[in-house]
Amino acid sequence: MSDAREGSNQSLSQQHIFTDIDEKWMKLALSAASRAAVEGEVPVGAVIVKHNSLIAQASNSPIEFSDPTAHAEIIAIRKAAEKMKNYRLPETTLYVTLEPCVMCIGAIIHARIERLVFGANDPKTGAVCSLYTIGSDSRLNHTLNINGGLLAEQCAQLLKDFFKQKRMSKKIAKKEIM
Ligand code: ZN
């Protein structure tokens, strides 16, 4: 996971495809991301929705759980599968504030999630459109509907503020040692 840039041009041109309902759920994902930042985790949040009902929400928590797989998407998928008592999550939409990484897009496909909506692009580890295009690889036997760029600026800003704060506290710590 890494510093996110502004939403891409592609994202901007897709803005019209989003509804108020999409925005409502992404805002909930954003609040989950903010909670991660408070805990000192990279601020990424995810929610899973079925027929406009909330199934699961999660914040990125690898440090808290000492678990490199504890990305927001993975935790949300685990919670949703438990709740739905199903290892597949048909007819669901996963909203996440940052473009998923290789691991998460893999899990999203395994879960048979119907639609993925993400906020900011992740040029460093994004596996949906930035670094790889796994979500739309036609060799896979699951078709995932993907819409990127929803509230991209807010999602990216949260990450930028987090890393800026981190750099600042590192500088302060250095000065204190000297
Ligand atoms: Zn991930």
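The model is predicted.

**Helix H2**

- The buried residues of H2 are Trp25, Met26, Ala29, Leu30, Ala32, Ala33, Ala36 and Ala37. Viewed down the axis of H2, these buried residues fall within an arc of 165 degrees, so they line one face of the helix.
- An α-helix has 3.6 residues a turn, so residues three or four places apart point the same way.
- Which exposed residues sit on the face of H2 turned away from its buried side? That face carries Asp20, Ile21 and Val38.
- Gly40 follows H2 and has a positive phi, near 80 degrees.

- Helix H6 covers residues 152-177, which is 26 residues. Its first and last C-alpha atoms are 38 Å apart, close to the 38 Å expected at 1.5 Å a residue.
- Ala152, Cys155, Ala156, Leu158, Leu159 and Phe162 are the buried residues of H6.
- Two packed helices are described by the angle between their axes and the distance between the axes.
- H2 contributes Leu30, Ala33, Ser34 and Ala37 to the contact, and H6 contributes Gln154, Cys155, Leu158 and Phe162.
- By type, the residues of this contact are six nonpolar, two polar and no charged.

**Leu30 in H2**

- Leu30 lies in helix H2. Is Leu30 buried or exposed? Leu30 counts as buried because it has 22 C-beta neighbours inside 10 Å, and 20 or more are needed.
- Leaving out residues up to four places away in sequence, Leu30 touches Gly45, Thr97, Leu151, Gln154, Cys155 and Leu158.
- Between Leu30 and Asn52, 22 residues apart in sequence, the C-alpha to C-alpha distance is 17 Å.

**Thr97 in E3**

- Thr97 belongs to strand E3, residues 92-98. Thr97 counts as buried because it has 33 C-beta neighbours inside 10 Å.
- With residues up to four places away in sequence left out, Thr97 touches Ala29, Leu30, Ala33, Val44, Gly45, Gly119, Ala120 and Cys155.
- Thr97 and Ser66 are 31 residues apart along the chain, and their C-alpha atoms are separated by 22 Å.

**Helix H5**

- In helix H5 (residues 102-110), the buried residues are Cys104, Ile105, Ala107 and Ile108. Down the axis of H5 they fall within an arc of 160 degrees, so they line one face of the helix.
- The cover over the buried residues of H5 includes helix H4 (72-84), E3 and strand E4 (115-120).
- Just after H5, Arg112 takes a positive phi of about 60 degrees.

**Positive phi in loop residues other than glycine**

- Arg112 lies in the loop between H5 and E4. Its phi, near 60 degrees, is a positive value in a residue other than glycine. Arg112 counts as partly exposed because it has 17 C-beta neighbours inside 10 Å.
- Where is Glu91 found? Glu91 is in the loop between H4 and E3. Glu91 has a positive phi of about 60 degrees although it is not a glycine. With 13 other C-beta atoms within 10 Å, Glu91 is partly exposed.

**Ile63 in H3**

- Ile63 is in helix H3, residues 62-65. Ile63 is partly exposed, having 14 other C-beta atoms within 10 Å.
- Which residues does Ile63 touch, not counting residues up to four places away in sequence? Ile63 touches Gly40 and Glu41.
- Ile63 and Val42 are 21 residues apart in sequence, with their C-alpha atoms 9.4 Å apart in space.

Note on methods:
Residues are numbered from 1 along each chain as its sequence is written. This is a predicted model: local features need pLDDT of at least 70, side-chain atom pairs count only at pLDDT 80 or more; totals for chains, interfaces and linings use all residues. Helices (H or I, at least four residues) and strands (E, at least two) are DSSP runs, numbered from the N terminus. The expected span of a helix is 1.5 Å times one less than its number of residues. A residue is buried if 20 or more other C-beta atoms lie within 10 Å of its own, exposed if 12 or fewer, and partly exposed in between; C-beta atoms are placed from the backbone. Two residues are in contact if their C-beta atoms, placed from the backbone, lie within 7 Å. Ala, Val, Leu, Ile, Met, Phe, Trp, Tyr, Cys and Pro count as nonpolar, Asp, Glu, Lys and Arg as charged, and the others, Gly among them, as polar. The arc is that of the directions from the helix axis to the C-beta atoms.
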